[in-house]
Amino acid sequence: MNERAGPSRNIKVDYLTRVEGEGAVHVKLKGGQVQDVQMRIFEPPRLFEAFLRGRHYMEVPDMVARICGICPIAYQMSAVQALERILGIEADPAVRLLRRLFYCGEWIESHALHIYMLHAPDFLGVPDAIQLARTHRDVVEQGLRLKKTGNRLVTLLGGREIHPIGAAVGGFYKTPSRAELNSLVDELQWSRDAAVATASLVAGFDFPDFEQDYEFVALSHPEEYPLNEGRLVSSRGLDIDVSEFNDHFVEQHVKHSNALQARLRERGSYLVGPLARFNLNFEKLPEVARQAAADCGLEAPCRNPFRSIVVRAIEVIFACDEALKLIAEYHPPEAPRVIAPARAGVGHGATEAPRGVLYHRYEIDERGLVVSAQIVPPTAQNQKRMEEDLWQLVPPLAALPVEEITARCEQAVRNYDPCISCATHFVRVERE
Amino acid sequence: MSSEENGQGRKPTVAVFKFASCDGCQLTLLDAEDELLEVADAVEIVYFPEATSTMIKGPYDIGLVEGSITTHHDAERIQQIRRQCRTLVTIGVCATSGGLQALRNWKDVGEFVRRVYAKPDFISTLKMSTPVAEHVPVDFELRGCPISKGQLLELISAMLAGRKPNIPTYSVCLECKRRDNICVMVAEGIPCMGPVTQAGCGALCPSFRRGCFGCFGPMESPNTASLTAQFRVLGQSDEEIVRAFRGFSAWAWQFRQAGEECERS
């Protein structure tokens with residue numbers, strides 16, 4: 001951070017903390033006016049889309065998981081959806097149920113991590129959850145136990161918390177017994193209550209008055225709160241099949257961030273993630289989650305990104321409740337997975353990663369080898385919108401000390417729970 | 001490392017650094033939900049950007065390094081980090097063998113970049129993704145994609161006690177035997193990298209009735225030639241065998257050599 005004398009000031013966060021991956025934020029201020037905002041990403045590129053070519057489709061779920069250590073299941077689920085469409089596989093209803101359950105585990109662990117360890121410290125004025133534990137140990141322990149519930153669910157279906165190995169094109173390598181799933185019921189019930197308590201806790205934080213006019217984009221399913229399938233819809237009338245993604249969204253390579261920033265062809269920036277899902281699918285939430293939202297004074301549409309921490313807590317309630325319902329309904333499938341012969345084709349998949357819509361497109365040849373891959377993660381889609389938030393956020397704060405403006409900018413970026421490691425499998429920004 | 005050893009009667013300082021990676025190995029520490037607060041009491045976490053805004057300058061007693069070296073800037077940064085850390089531990093397959101992104105090492109990276117980016121001139125990247133040990137001396141390596149939480153906690157405990165960490169270098173096969181797994185390769189003819197892969201995962205993939213794909217990298221003295229022969233018996237093509245070795249630990253020299261030998265044959 002540095003402060004220049006005179007009316008021109010630079011707000012610089014050279015290394016964003018409490019986010020996944022390596023990024024920076026630069027805001028140029030002159031006489032109370034914002035001159036420039038740059039969300040910089042210096043995470044080195046790993047070029048997944050290039051090295052996936054020539055790999056067999058059965059390897060893809062394990063490989064794309066490695067784009068992100070926090071949301072590997074999202075990558076696996078978007079990939080299997082796209083690849084199964086090519087192969088003409090219709091997943092067994094029990095497999096579909098297990099995938100949804102698997103995804104609930106990821107939402108719980110990822111959201112609990114963000115709420116308690118990455119974002120709450122901003123509202124409470126501490127550098128991290130470990131400091132928070134010195135004064136509020138019971139709160140941090142509640143967060144850790146909630147996070148562990150999500151991880152236990154992931155481990156049961158996938159063998160381990162990070163980069164689980166259970167998911168396959170066609171289903172799972174091994175499916176659990178009813179008794180194994182039932183072993184998690186008590187903990188999920190505790191977690192649902194803890195999530196309600198979490199929502200009430202974070203709803204009491206102090207939120208800046210900052211309403212923005214977003215175009216929200218999320219999946220939408222006729223009966224379910226969206227997780228692993230649905231149409232892509234928006235608050236301004238978009239309603240398309242996932243396979244039409246590239247007809248409506250473009251990725252641009254801009255110099256200052258070198259991120260392939262996604263935007264809607266017609267209208268520019270948009271927002272994906274918890275706020276978008278909540279606003280577009282509120283009526284699909286279970287009663288317990290809707291009631292908690294009402295108790296928190298949270299209504300759809302919510303246009304204040306700082307309140308996304310409350311929405312995440314509501315989504316944890318949903319995920320725990322949904323997991324309990326799925327476990328109650330579960331009967332093991334006849335076979336853990338369907339095996340289909342390779343055939344050439346193109347397939348699309350989109351699911352709701354904790355941070356928002358994650359789109360994949362693959363082309364494979366008749367031997368089952370990848371010809372091309374395209375992966376559009378949520379943080380790349382939100383990147384432009386994050387910058388626009390900063391353009392709006394900073395001018396009213398211009399009279400404050402640089403440290404305070406900087407802290408508020410960092411907090412505003414964390415509203416998005418950005419996963420720079422995800423975004424950067426194809427993103428590169430030069431350092432100054 | 002005991003407090004006497006660091007000479008000042010204080011808790012050892014720990015710093016966590018990231019290079020090209022997915023964040024999963026450092027997340028392993030935050031995923032130790034039952035032990036995290038205890039660890040935070042035993043050591044001083046002074047630099048860990050994923051988890052804290054506190055950023056205290058070095059020197060550090062222990063540096064944990066995640067990720068592989070893929071840019072000029074990072075090749076310089078790892079030199080500075082080495083100078084700041086009394087003990088430097090690499091965590092995970094990216095840091096210990098270059099990671100999946102090392103698959104570029106057999107390709108034209110310029111073509112890779114052109115394929116992904118509209119304006120390749122903006123991109124600065126090295127031709128190769130390399131492990132940390134190709135750049136600086138490393139005191140200890142934790143393998144895995146991701147690392148094992150148990151091994152990470154063992155490493156931290158061993159350092160606090162001033163002893164050598166107890167991390168096995170034998171193969172996944174021993175873990176299968178310990179779990180009473182039926183061998184997927186013998187019983188079902190599924191190609192499995194377990195016989196040449198270092199233990200640490202608890203034989204996860206075979207326990208899910210699938211073959212190991214080598215995410216903990218080569219064991220000590222792996223017999224890759226014998227495994228290649230076995231894969232051929234199972235009807236695997238040379239191309240498939242090359243892909244098996246050229247995966248998560250592709251740039252580890254034993255697997256690199258095995259893949260290249262198969263390609264030449």
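**Entry 1: Asp180(B)**

I started with Asp180(B), in the loop of chain B that runs between α7 (172–178) and α8 (184–188). The model is predicted, and I keep that in mind for every value here. I looked up the backbone of Asp180(B) and found phi near 60 degrees. That is a positive value in a residue other than glycine. Is Asp180(B) buried or exposed? Asp180(B) is exposed, because its relative accessible area is 68% and the cut-off for exposed is over 50%.

**Entry 2: Arg18(A)**

Next I looked for a positive phi in chain A. Arg18(A) has one, near 50 degrees, and is likewise not a glycine. I placed Arg18(A) in the loop between β1 (8–13) and β2 (23–30) of chain A. Its relative accessibility is 3%, so Arg18(A) counts as buried. I note the contrast: Arg18(A) is buried, whereas Asp180(B) is exposed.

I then turned to peptide bonds. Where does Pro301(A) sit? I found Pro301(A) in the loop between α11 (287–295) and α12 (308–329) of chain A.

Chain B has a cis bond as well, joining Gly58(B) and Pro59(B). There omega is about 5 degrees. Pro59(B) is in a loop too, between β2 (44–47) and β3 (60–66) of chain B.

**Entry 3: His221(A)**

Is His221(A) buried or exposed? It is buried, because its relative accessibility is 10% and the limit for buried is under 20%.

I checked what its side chain meets. A polar atom of the His221(A) side chain lies 3.2 Å from the backbone nitrogen of Glu224(A). I then set aside neighbours within four places in sequence. The contacts of His221(A) that remain are Arg96(A), Glu229(A), Asn281(A) and Lys284(A).

**Entry 4: where chain A meets chain B**

I moved on to the interface. The contact involves 69 residues of chain A and 65 residues of chain B. The area buried between the two chains is about 5800 Å². Carbon and sulfur atoms give 61% of that area.

How many salt bridges cross the interface of chain A and chain B? I found eight. I opened up one of them, between the side chains of Lys148(A) and Asp34(B), at 2.5 Å from N to O.

I asked which helices of chain A supply the side that touches chain B. α1 (48–51), α2 (60–65), α4 (93–124), α5 (129–135) and α6 (137–158) each supply at least two residues. α6(A) gives the most, with ten residues. By class, I get 30 nonpolar, 13 polar and 26 charged residues on this side of chain A.

**Entry 5: Arg243(B), seen from chain B**

Arg243(B) belongs to helix α11 (residues 238–245) of chain B. Which residues does Arg243(B) touch, not counting residues up to four places away in sequence? I noted Gly54(A), Arg55(A), His56(A), Glu59(A) and Leu369(A). Arg243(B) is buried, as its relative accessible area is 13%.

I also took a C-alpha distance within chain B. Arg243(B) and Gly259(B) are 16 residues apart in sequence and 7.6 Å apart in space.

**Entry 6: the two domains of chain B**

Last, I looked at how chain B is divided. Domain 1 covers 13–161 and domain 2 covers 172–264. Taken over C-alpha atoms, their centres are 25 Å apart. Domain 1 puts 20 residues into the contact, and domain 2 puts in 16 residues.

The two domains bury about 1400 Å² between them, with 61% of it on carbon and sulfur atoms. How many salt bridges are there between domain 1 and domain 2 of chain B? I counted zero. The count of residue pairs in polar contact is five, both residues at pLDDT 80 or more. The side of domain 1 that touches domain 2 has ten nonpolar, eight polar and two charged residues.

Terms used
Residues numbered from 1 in each chain as written. Chains lettered and ligands numbered in written order. Predicted model: local features only at pLDDT ≥ 70, side-chain atom pairs only at ≥ 80, totals over all residues. Heavy atoms only, no water. Contact = heavy atoms within 4.5 Å. Buried area = accessible area lost by both parts, 1.4 Å probe. Salt bridge = Lys/Arg side-chain N within 4 Å of Asp/Glu carboxyl O. Helix = DSSP H or I, 4+ residues; strand = E, 2+ residues; numbered from the N terminus. Nonpolar A, V, L, I, M, F, W, Y, C, P; charged D, E, K, R; others polar. Buried < 20%, exposed > 50% of the residue type's maximum accessible area, 1.4 Å probe, protein only. Domains from an automatic or database assignment. Polar contact = N/O pair within 3.5 Å; in protein donor to acceptor, adjacent residues only side chain to side chain.
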